[in-house]
Amino acid sequence: MSIIDDFLSKYTEVESFLRSRNQTDNNAKFDILDDKAIKKNAEIWKFYKSLRNLLTHQNDARNGKFIVLTDELYHAFDVEAKRVMRPQKAIDIAVPSNKIYKITKNENVNTVIQTMLDENYTCAPIVNGKGIIEGVFSAHSLMLYFNEERPDVADDTKNLKISDLGEFCDLYNDPDIEYRFVPKNITVDEVREMFKENFDNERRLEVVFITENGKPTEKILALLTHWDFNKRTD
């Protein structure tokens, strides 16, 4: 089989895969450029589509008179085809549960802060005895607490516990920060889009928590902050 045959075969495989994923009948009109995974690299896929059409319908293109398909081009196409048909899962690049710094409501705030500073953590999930998340502590939590409860002075925190911060560690009511829960089968591209779409929002997407089915009542399997995401997907 020639490299041209390989290219055409792989293109057909991608097209069939996308038809199935988009639940499009084989007899119905379908343009792979409309698929969300293809749109991520739309310009290169427009080129691949045009190349496929030329190689399929123009004999002079197929016999090498006008077009020479290089190994480098085919390799780049193969990588893109694999990305589309077997997209990388976000959980594969996320911080796994056993490496997440998790805390309980009974822990001392000063101790938690020192650990976060030492390890360069931006936040810490607050979990109960079953490992279910009940809130998130961050420097922002402390700022909100002192602003609301101690408007004149940041009181000594040596006896302050995480439980004392209460609503300021809430998962849903922070005025500036947002947390999301997603299922374990979510892809890297989908999480990337979450952070991109959130960029101009009033509430900043701080953490994406991965659980079995994307429910906050399930144990955390992994997490991604925007810093982790950028560092691990560049």
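In this predicted model, Val95 stands opposite Leu223 of strand S6. The two strands involved, S1 and S6, run antiparallel and are joined by 2 bridges. Helix H8 packs on the sheet, where it touches S4, S5 and S6. The direction of H8 makes about 160 degrees with that of S5.

The sheet itself is open and consists of 4 strands in the order S1-S6-S5-S4, with mixed pairing. Strand S1 (95–96) and strand S4 stand at its edges; each has a single partner strand, so one side of each is left without a neighbour in the sheet.

**Salt bridges**

Side chains of opposite charge can pair when their charged atoms come close. A search of the whole structure finds 15 salt bridges.

| Pair | N to O separation |
|---|---|
| Asp78 and Lys10 | 3.4 Å |
| Asp78 and Lys82 | 3.3 Å |
| Lys184 and Glu212 | 2.9 Å |

Asp78 forms a salt bridge with Lys10. Asp78 belongs to helix H5 (residues 71–85) and Lys10 to helix H1 (residues 3–21), so this pair ties together parts that are 68 residues apart in sequence. Asp78 is buried, its relative accessible area being 14%. Lys10 likewise counts as buried, at 14% relative accessibility.

Lys82 counts as partly exposed, at 38% relative accessibility.

Lys184 lies in the loop between strand S4 (177–183) and helix H8 (188–198), and Glu212 in the loop between strand S5 (204–211) and strand S6 (222–225), so the pair ties together parts that are 28 residues apart in sequence. Lys184 is partly exposed, with a relative accessible area of 38%. Glu212 counts as partly exposed as well, at 37% relative accessibility.

How values were computed:
Residues are numbered from 1 along each chain as its sequence is written. This is a predicted model: local features need pLDDT of at least 70, side-chain atom pairs count only at pLDDT 80 or more; totals for chains, interfaces and linings use all residues. Side-chain values use heavy atoms; hydrogens and water are left out. A salt bridge is a side-chain nitrogen of Lys or Arg within 4 Å of a carboxyl oxygen of Asp or Glu. Buried means under 20% relative accessible area, exposed over 50%, partly exposed in between (1.4 Å probe, protein chains only). Two strands pair if DSSP finds at least two bridges between them. Contact means heavy atoms within 4.5 Å. Axes are lines fitted to C-alpha atoms, for helices over the stretch in contact, and angles run from 0 to 180 degrees between N-to-C directions.
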